[in-house]
Amino acid sequence: MTAIDQVAAAPVASAEQRAPSRAWRKLRANKGALVGLAIIAFFAILAIIAPLLPLPDPNATSWSAIRKAPSAAHWLGTDDIGRDILSRMIWGAQASLMAGVFSVAIAVVIGVPFGLVSGYFGGWVDMVISRITEAFLAMPFLITAIALAAFLGPSLTNAMIAIGLSAMPIFVRLTRGQVLAVKTEEYIEGARSIGLRHFSIITRYILPNVLAPILVQATLTIATAIIAEASLSFLGLGQQPPAPSWGSMLNVAKNFLSQAPWMAMWPGIAIFLVVIGFNLLGDGLRDALDPREA
């Protein structure tokens, strides 16, 4: 490695050494972020160990236990055809969390490369990508997701694809803006001056320096994706019956709000808590990863 190359790599290397410990220390000091992390961890663990828990079959019906209030036999009550709500809540956490994480993963995997290319190369490439991104952003996120899910067909997989594609423009625009700010730094010019290829400059010097805001946005977008999945399942475009999903549980519960309010209360509380958890964690990550904060 030449001396110029060492100088060019120094900002990235030093930042990589200092940032993790500083960010973790700041994150631990943020009580809201820790609460959010605890909420997410609680629901994630429940979803993972659901097959190991001594729960009734979430799809097993009982005509003698229709719309029973919470009791020792059914801690959260039963639904309109006698299925145990606690069991369906825990199994439904798998669908909701998986939809949130995989939808955002799709958006990041597609959106970030387009944002990198758009911001780095500029010119007509940037113009084309930016105009397409703006066209997507002009449409409301949830309306786009509903339209794509209806086009692809009702299923959890298609719902995740629809949500991911709908969220993709957010990451294109965010990544492009970060790249425009980073690519004018002196160490990027130094990397160009020693003849490094564009791919090496993007992956070694630009991408590591724009990951922090992308990570924060991804965490916040997971909360939005979970609400979107619940909305699609509520409309019959997401997880299909009898498989449990918080959104589909709310769809059934809307018909029994006066007779069995617990049917809507528990999935509603679960969605609220998970969304709050990801928002608190996202806010904490934003503060922890902000280099301007001491």
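**Helix 7 and its two sides**

I began with the exposed side of helix 7, where I found Glu 186 and Ser 193. For my own record, exposed means over 50% relative accessible area, buried means under 20%, and partly exposed lies in between, with a 1.4 Å probe and protein chains only. Helices are DSSP runs of H or I with at least four residues, numbered from the N terminus.

Before going on, I noted that this is a predicted model, in which local features need pLDDT of at least 70 and side-chain atom pairs count only at pLDDT 80 or more, while totals for chains, interfaces and linings use all residues. Residues are numbered from 1 along each chain as its sequence is written, and side-chain values use heavy atoms, with hydrogens and water left out.

Which residues of helix 7 are buried? I listed Tyr 187, Ile 188, Gly 190 and Ala 191, within a helix that covers residues 186-193. Looking down the axis of helix 7, I saw these buried residues fall within an arc of 160°, so they line one face of the helix. The arc is taken from the directions that run from the helix axis to the C-beta atoms. After helix 7 comes Gly 195, and its phi is positive, near 85°.

**Salt bridges**

Next I looked for charge pairs. Side chains of opposite charge can pair when their charged atoms come close. I used the rule that a side-chain nitrogen of Lys or Arg must be within 4 Å of a carboxyl oxygen of Asp or Glu. How many salt bridges does that give? The count comes to 5.

I stayed in helix 7 to begin with. There Glu 189 and Arg 192 form a salt bridge at 2.9 Å, N to O. Both lie in helix 7, 3 residues apart, about one turn of the helix. An α-helix has 3.6 residues a turn, so residues three or four places apart point the same way. Glu 189 counts as partly exposed at 41% relative accessibility, and Arg 192 counts as partly exposed at 30%.

I then found the salt bridge of Asp 283 with Arg 286, whose closest N and O atoms are 2.8 Å apart. These two share helix 10 (residues 262-289) and are 3 residues apart, about one turn of the helix. Asp 283, at 31% relative accessibility, is partly exposed, and Arg 286 is partly exposed at 45%.

Asp 126 and Arg 176 also meet in a salt bridge, at 2.6 Å from N to O. Asp 126 is in helix 4 (residues 123-137) and Arg 176 is in helix 6 (residues 156-182), so this pair ties together parts that are 50 residues apart in sequence. Asp 126 counts as buried at 13% relative accessibility, whereas Arg 176 is partly exposed at 25%.

**Rings**

I searched the whole structure for aromatic pairs and got 3. Rings of Phe, Tyr and Trp (its six-membered ring) pair if their centres lie within 6.5 Å; planes under 30 degrees apart are stacked, over 60 edge-to-face, and the rest tilted.

Phe 43 and Trp 246 have ring centres 5.8 Å apart and planes at 75°, so the pair is edge-to-face. This pair links distant parts of the chain, with Phe 43 in helix 2 (residues 31-49) and Trp 246 in helix 9 (residues 246-253), 203 residues apart. Are Phe 43 and Trp 246 buried or exposed? Phe 43 is buried, and so is Trp 246. Ring pairs join Phe 42, Phe 43 and Trp 246 into a cluster.

Tyr 120 and Phe 121 form an edge-to-face pair, 5.0 Å centre to centre with 90° between the planes. Tyr 120 is buried at 6% relative accessibility, while Phe 121 is partly exposed at 43%.

**One more contact**

My last look was at two ends of the numbering. Arg 28 and Ala 288 are 260 residues apart in sequence, and their C-alpha atoms are 9.1 Å apart in space. Arg 28 sits in helix 1 (residues 3-29) and is partly exposed, with a relative accessible area of 48%.
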